[in-house]
Amino acid sequence: MAKTPRQSSQPLLRQTERPLQSRPLKRRDPAQPQLSLDPMPERVEPCLALLKTRPPTGPDWLFEVKWDGYRLAIHIEPKGIRILTRGGHDWTHRFPAIAEAARNLGVATAIVDGEAVVLDDDGLPDFGLLQQSLGGRGGKRTSQEASFYAFDLLYLDGHDLRSMELASRRHLLEDLIGKADGTIEYSETIEGDGTTLLAEACRHGLEGIIAKRRDSSYSSGRGGDWLKIKCTQSESFFIIGWEPSSLARGRIGRLLLAAWKDHDLVYVGSVGTGFSQRTATALRKNLEKLKTGKPPVPIQEKGVQFVLPTLIAEIKFRAWSHDGNLRHASYKGLRELQDNAAVYKVA
């Protein structure tokens with residue numbers, strides 16, 4: 001336990017004396033270099049993780065939990081707080097609790113990369129609960145329930161940290177987040193073998209793990225320094241129709257899904273599980289507004305109501321069938337267009 005420091009019997013500043021003031025000993029040499037400050041970026045394109053089937057091996061990699069939520073960047077600026085989505089949209093008003101926690105970090109300027117999530121009763125991130133907290137796709141609610149898990153620090157007190165190695169950035173981040181109130185959390189590094197960690201993550205119901213090169217700089221885009229390894233596959237697809245049912249929740253029997261192939265949409269199967277009564281009812285109301293008589297993709301389906309390909313659903317699934325359809329698919333929720341949801345591209 002650290003010892004309590006002794007109080008000095010002769011403090012430097014006495015209330016009865018004039019404050020001590022510094023003065024330059026000599027004029028500064030104009031040729032002497034000055035420590036310059038880096039301009040704060042208005043926005044940074046996020047570093048994205050490349051999907052892999054197996055975790056990497058060796059001491060060069062750090063591991064973290066793969067959070068199931070919305071990727072956000074918190075900008076702490078002299079004029080206030082901005083919370084930007086992966087696509088660059090300002091969602092500060094949608095996460096007031098996170099903005100307030102960032103304001104209380106007590107730092108002049110910073111850019112913190114992380115993910116907004118809502119945890120379920122078992123302490124696991126739940127994308128559907130996050131969507132509910134925001135009032136669904138296009139909802140007007142502000143989320144007081146969301147927490148922000150910070151995993152990188154790009155800028156701090158006038159200095160751009162992106163060229164610094166990851167391990168050093170995370171050391172500074174951990175020190176910064178230690179001042180947070182719990183709404184902002186530090187995404188802990190998980191020590192151990194990647195294969196073992198992935199198995200544990202899957203056993204606990206997590207989406208997967210992220211692997212990052214410990215000596216890597218922060219590079220925007222999907223360059224390979226960050227890898228994602230999932231327990232189950234999860235991708236975004238267009239909803240192109242639904243099969244009405246008088247027995248199913250929200251009267252939706254199943255949703256028809258499509259992905260990109262080159263510049264066209266192709267049918268990739270359907271999903272009929274994962275709906276709650278609440279989400280299915282809200283989804284049906286959105287679908288009713290998008291009804292069309294023409295199938296968005298060449299498909300022969302009877303008893304189906306087609307819709308314009310506007311809504312983007314996040315779907316988890318086990319694998320692809322030989323004919324290019326999803327196997328064991330389950331609905332997770334709707335993605336916001338402003339979340340920069342990337343609709344799956346078929347090779």
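Biologist: Is Cys 231 buried, partly exposed or exposed?

Modeller: Keep in mind that we're looking at a predicted model. The general idea is that a residue counts as buried under 20% relative accessible area and as exposed over 50%. Here Cys 231 comes out at 25% relative accessibility, so it counts as partly exposed.

Biologist: Which residue does a disulfide join to Cys 231?

Modeller: That's Cys 202, with the two sulfurs 2.1 Å apart. The structure holds 1 disulfide, and this pair links distant parts of the chain: Cys 202 sits in helix H4, while Cys 231 is in the loop between S10 and strand S11 (233-244), 29 residues apart. The link is left-handed, with -100° about the S-S bond. Cys 202 counts as partly exposed too, because its relative accessibility is 34%. Cys 47, on the other hand, is buried, at 4%.

Biologist: OK, now the sheet. In what order do its strands come?

Modeller: First the general idea: strands of a sheet pair through backbone hydrogen bonds, either parallel or antiparallel. In this case, 4 strands make an open sheet, ordered S1-S10-S9-S2, with mixed pairing. Strands S1 (50-51) and S2 (61-65) are at the edges with a single partner strand each, so one side of each has no neighbour in the sheet.

Biologist: And in which sense do S9 and S10 pair?

Modeller: Antiparallel, over 5 bridges, with S9 covering residues 208-213 and S10 covering 226-230. For instance, Gly 208 has Lys 230 of S10 as its bridge partner.

Biologist: Which strands does helix H4 lie across?

Modeller: Helix H4, residues 194-203, lies across S2, S9 and S10, and runs at about 150° to S9.

Terms used
Residues are numbered from 1 along each chain as its sequence is written. This is a predicted model: local features need pLDDT of at least 70, side-chain atom pairs count only at pLDDT 80 or more; totals for chains, interfaces and linings use all residues. Side-chain values use heavy atoms; hydrogens and water are left out. Two strands pair if DSSP finds at least two bridges between them. Helices (H or I, at least four residues) and strands (E, at least two) are DSSP runs, numbered from the N terminus. Contact means heavy atoms within 4.5 Å. Axes are lines fitted to C-alpha atoms, for helices over the stretch in contact, and angles run from 0 to 180 degrees between N-to-C directions. A disulfide is a pair of cysteine sulfur atoms within 2.5 Å. Buried means under 20% relative accessible area, exposed over 50%, partly exposed in between (1.4 Å probe, protein chains only).
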